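The following report describes selected features of a predicted protein model. Please consult the sequence and the structure shown here alongside the text.

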Amino acid sequence: MSDAICVIVTFALARVGSKFEKLRTETVYRLGEGEQAILPKRAEVVPKGTSANTEMSWDFFVPVCVGDLVKTGGINQYVVQDVVPAKQLPSHLGKFKTALRSQGPSCILEHFDTGYSVLQHFNSLELGAKEDTLELLIQVVNGLAVSLPAVLTSTSISGAERKEKLNAVKMSVFLLCKLTESLESVSYRQSIITATGKGNKKGKASEGLLQWDSERERVLQTLVQLLQLDIRSLWSLSLVEEEFISCLTCCCYKLLENPTISHVKNKPTRDCIIHLLGVLITKYNHLLGASVKVIQMLQHFEQLSSVFAQAVFVWSTEYGVRAIIGEVMREIGQRSSEELAREGSGVKAFASFLSELSGLVPELMIPNISVLITHLEGESHTMRVAVCEVLGEILVRVLCGDGLDESGRADRDRFFDILQEHLHDTHSHVRARVLQVYTRIVNSKALPLCRYSEVMELAVMRLMDKSINAVKSAIQLLAAFIAHNPYSCKLSSADLKKPLEKETAKLREMKEKLEGQAPVAVIQASELWAAMEPELLVTVRTTLEPTSEAENEQEEDKEDGDVKEEKSEDDDRATAVKIAQYLRINKYRSAVKLCIKAHSWFPESEMFASLTTLTPENLMDTLGLIFKARFAGGPSL
């Protein structure tokens, strides 16, 4: 038992001794007045083609703030040893350049302090020193992008070499991103001064600004080239630290704050930023951060609505991150109506973003459209307009045609109902824009035929709107209805010529066949009238003879049931047609009764005018006229 205790005590004393020896060999550097930090010695940079006997004893952690690198660090954490004075930086940059040529990109491990000193003295340095530093950092990152594939695919790489490459990547990317942000800030300030200044003279500042506009795209392409490699394997368990990702994304979003980023001349820069963020979203788990940042920047930079719409489109299609659309839509949908109704809430940017995004990927917005529809009941008319435009784009490009399933038809009908409701919106701007949405739907032939008459009636009602914009939009919608009326016929004589010739040939064949057949006897209407006249005259006289009241009621119940409700017809001509039909099927009493009643129903009708004096002769003449006109091609009823 005592032997075991002795072994344990000896082992513990050995470990304490080793730690004490390690701390004793560390170098003490003075960071400021009255402040000291114990810093590990940095490993010697191993020239290419040689090997190190000792592992690199420190790690570089990307700081949250640039100034954190000169403060006391933790054990084995890199801290800047010496901030080079501004006057000595040109000579140190020369040494940096020489080391880059001889040692390659790993020279950043030895000359990081030089790059950091440029950041610290940025405002007091000349433009040439900044340009030289930018060029050196671009070459370092490019060199890493070229040399890392062999390291990443190697199975025999040592832990020391992996650590060295990781520190080089983090150091170079950190310096390049921070220098880019600083140059962008200066560029923005100079653009404001140039815009407000007088005269057309351009000094060195303007030349620097123009040069930075050309170099900015180069920086972004370099970072994209590096990040497209699977550098995650350099980290332990491939867990990339959040500070490294934040350093890159902050640089991208800083560049997007430029007011001219949406201009045509900056399209290459814009595309590089979008693709760099796309890589960070897909490979480095930046999805949630990107969706939150999109909303935040839209709220403060209205000009970014089209830029972010294009960005979300690229991320969801080229990079396959469709979830970004749902995340952004949910972020907008969760905004309260009271917040959106306030000025400065970014509602115009949100509305423009949604409208432009619906024009790019309307089919991907349908699963999350319900979170936006809630804003139709909100106070912001700008958001109501945006949601209606999104619905219109979906109806035109997705929910159209005859191939929709039952769910698609239900969504289509629901969206059309929503649009029709907002033709009566309280705000005139909403009414006008919904009419414009309907105009686009009609011009695209996406309006179901069953809704034509209903929507047209609503458009006609809007012609009486108190808003002139709504009236103009209603006129445009009615013009679209006329131009795209599915029931109108637009055929030229040339279009009808061939069908006419075809039908004429068919008619000729039919005539030839009829000529070859035996003639069929045709009974004239006058002959039919002559045959029925004696019996009809008896019926007329019997009807006109006075009888007892009881007999009249009995006769009416028995034979005149068909005549009781004849006045449901609208005019005298329809009644005359029924009388002729009764005569044709030998219902003489019904025909006579209906003819007598027709005179009382239509006293001003010319057909029944002779019945003013009710005699058998006048009644027979009227019945004969009606029958012959109906069946003999006489005067039209």
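Lys170 is placed over the face of Phe61, at 5.5 Å from the ring centre. A charge is taken to sit over a ring if NZ of Lys or CZ of Arg is within 6 Å of the ring centre and within 35 degrees of the ring normal.

The model is predicted: local features need pLDDT of at least 70 and side-chain atom pairs count only at pLDDT 80 or more, whereas totals for chains, interfaces and linings use all residues. Residues are numbered from 1 along each chain as its sequence is written, and side-chain values use heavy atoms, with hydrogens and water left out.

One aromatic cluster is formed by Trp58, Phe60, Tyr78, Phe112, Tyr116 and Phe174. Across the whole structure, a search finds 11 aromatic pairs. The rings of Trp601 and Phe602 have centres 6.5 Å apart and planes at 85 degrees, so this pair is edge-to-face. Rings of Phe, Tyr and Trp (its six-membered ring) pair if their centres lie within 6.5 Å; planes under 30 degrees apart count as stacked, over 60 as edge-to-face and the rest as tilted.

The secondary structure of the chain comprises 26 helices and 2 strands. Helices (H or I, at least four residues) and strands (E, at least two) are DSSP runs, numbered from the N terminus. Of the 637 residues in the chain, 42% are buried. Buried means under 20% relative accessible area, exposed over 50%, and partly exposed in between (1.4 Å probe, protein chains only). Among contacts with a separation of 6 or more, residues 24 or more positions apart account for 73%; contact means heavy atoms within 4.5 Å.

Helix 13 (residues 347-360) and helix 16 (residues 381-397) pack at an angle of about 0 degrees, and their axes are 9 Å apart. Helix 13 is therefore roughly parallel to helix 16, the term for angles under 35 degrees. Axes are lines fitted to C-alpha atoms, for helices over the stretch in contact, and angles run from 0 to 180 degrees between N-to-C directions. The residues that meet include Phe350, Ala351 and Leu354 in helix 13 and Met383, Ala386 and Val390 in helix 16.

| Residue | Relative accessibility | Class |
|---|---|---|
| Ser172 | 0% | buried |
| Tyr588 | 8% | buried |
| Tyr582 | 10% | buried |
| Phe602 | 13% | buried |
| Ser238 | 39% | partly exposed |
| Asn285 | 70% | exposed |

Ser172 belongs to helix 5 (residues 159-196). Not counting residues up to four places away in sequence, Ser172 touches Ile108, Val140, Val141 and Leu144. Tyr588 lies in helix 25 (residues 588-601). Leaving aside neighbours within four places in sequence, Tyr588 contacts Met532, Glu535, Leu536, Thr539 and Leu583. Tyr582 is found in helix 24 (residues 572-584).

Most residues other than glycine have a negative phi. Ser238, in the loop between helix 6 (204-227) and helix 7 (242-256), has a positive phi near 60 degrees. Asn285 lies in the loop between helix 8 (267-283) and helix 9 (287-300), and its phi is likewise positive, at about 60 degrees.

Terms used. Angles under 35 degrees count as roughly parallel, over 145 as roughly antiparallel, 65 to 115 as roughly perpendicular and the rest as oblique.
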